[in-house]
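I opened my notebook to look up a few things in this structure. Come along and check each entry with me.

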Amino acid sequence: MIVRNIFKERVIAVVKKIPKGKTMSYGEVAARAGSPQASRGVGAIMRTNKDKSVPCHRVIRSDG
């Protein structure tokens, strides 16, 4: 559980740094958060996010 919370914090930090008007794929976010194979985990985190300061709409599928 602790590892998941650390990953979630890293994902949120990466997503908050995505500039306005830019996007990033789930895989890119996972890689920058330190777990390149965890793109589905990023999706789960974004799906359950309730914090309005996190721009979840900037995270997209790799095929656009």
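I began with salt bridges, counting a side-chain nitrogen of Lys or Arg within 4 Å of a carboxyl oxygen of Asp or Glu. By this rule I found 1 salt bridge. It joins the side chains of R61 and D63, at 2.6 Å from N to O. Side chains of opposite charge can pair when their charged atoms come close. I noted that R61 and D63 are both exposed (over 50% relative accessible area; buried is under 20% and partly exposed in between, with a 1.4 Å probe and protein chains only).

A reminder to myself: this is a predicted model, where local features need pLDDT of at least 70 and side-chain atom pairs count only at pLDDT 80 or more, while totals for chains, interfaces and linings use all residues. Residues are numbered from 1 along each chain as its sequence is written, and side-chain values use heavy atoms, with hydrogens and water left out.

Next I looked up I60, which lies in strand 2, residues 59-60. Strands (E, at least two residues) and helices (H or I, at least four) are DSSP runs numbered from the N terminus. Beyond its neighbours within four places in sequence, I60 contacts T23, M24, S25 and Y26 (heavy atoms within 4.5 Å).

Then I stepped back to the whole protein. I listed 3 helices and 2 strands, in the order α-β-α-α-β from the N terminus. Of the 64 residues, 33% count as buried.
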